[in-house]
Amino acid sequence: MRKATIGDAAIEVIAAEGMRGLTHRAVDKFAGLPSGSTSYYARTRAALLELAISRMVELDDVTLDPAPGQLAEYVAGFAHAAITSGRTRMLARYEFALEATRRPELREAYDRGGLIIRRRCAEVLAARGSAEPERHARVLVAWLDGTIFDALAGTGSLRPPGPAELTAGAREVLAGLGVAG
């Protein structure tokens, strides 16, 4: 339970302050824990980063099971949630993505989470008739990543897309893939 609290607080700190703001003391303060609590569970900065990214992967462990005929709405709902209620975690994910390009020890943990989502996405697309589910999953995830990034950190943040616009975009992508939306 304490590790989850620390992981959640680390994600919040990263989203608010960036990687440079992530310190044991900042996590203790954000989590409302006594000084030194984070250091007890994650002695080094590397251990703290690993704890935070592991927590992010744990939180991403969702079941992808859209109702028949509702795939576009499901994808749009996923994107909308990432832009709104999941904003903090997505901002932290972008920080981790960049950090993982410079720190091989984070790359594996970061990729592990991404591969889980891609694999589940491919399974859903295969069940919906995709002729090439792995390739189509890559395309769909790339659309999601680009759409979410633009809405949070790009020029699209000036007017983030709402559910209707996201659903229309998801339908277009799925139609282009030849997948029933």
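The lining of the largest cavity comprises 13 nonpolar residues, with no polar and no charged members (Ala, Val, Leu, Ile, Met, Phe, Trp, Tyr, Cys and Pro count as nonpolar, Asp, Glu, Lys and Arg as charged, and the others, Gly among them, as polar). The model is predicted, with local features requiring pLDDT of at least 70 and side-chain atom pairs counted only at pLDDT 80 or more, whereas totals for chains, interfaces and linings use all residues. Residues are numbered from 1 along each chain as its sequence is written, and side-chain values use heavy atoms, with hydrogens and water left out.

One cavity of 30 Å³ or more is present (on a 1 Å grid over the protein atoms alone, a set of points where a 1.4 Å probe fits but cannot get out; lining residues have an atom within 4 Å of a point). The largest cavity holds about 160 Å³ of space. Of its 13 lining residues, Leu64, Tyr74, Val75, Cys121 and Leu144 lie nearest the centre. Helix 5, helix 7 and helix 8 each give two or more residues to this lining.

The largest pocket (an open set with protein on both sides within 12 Å along at least five of seven lines) contains about 710 Å³ of space. Its lining numbers 27 residues, with Asp60, Met90, Arg93, Ile117 and Asp145 nearest the centre. Two or more residues each come from helix 4 (45-60), helix 5 (71-83), helix 6 (87-100), helix 7 (104-127) and helix 8 (133-152). Helix 7 contributes the most to the pocket lining, with seven residues. The pocket lining divides into 17 nonpolar, four polar and six charged residues.

Technical notes:
Grid points are joined across faces, edges and corners, and a volume is the space filled by probe spheres set on the points. Helices (H or I, at least four residues) and strands (E, at least two) are DSSP runs, numbered from the N terminus.
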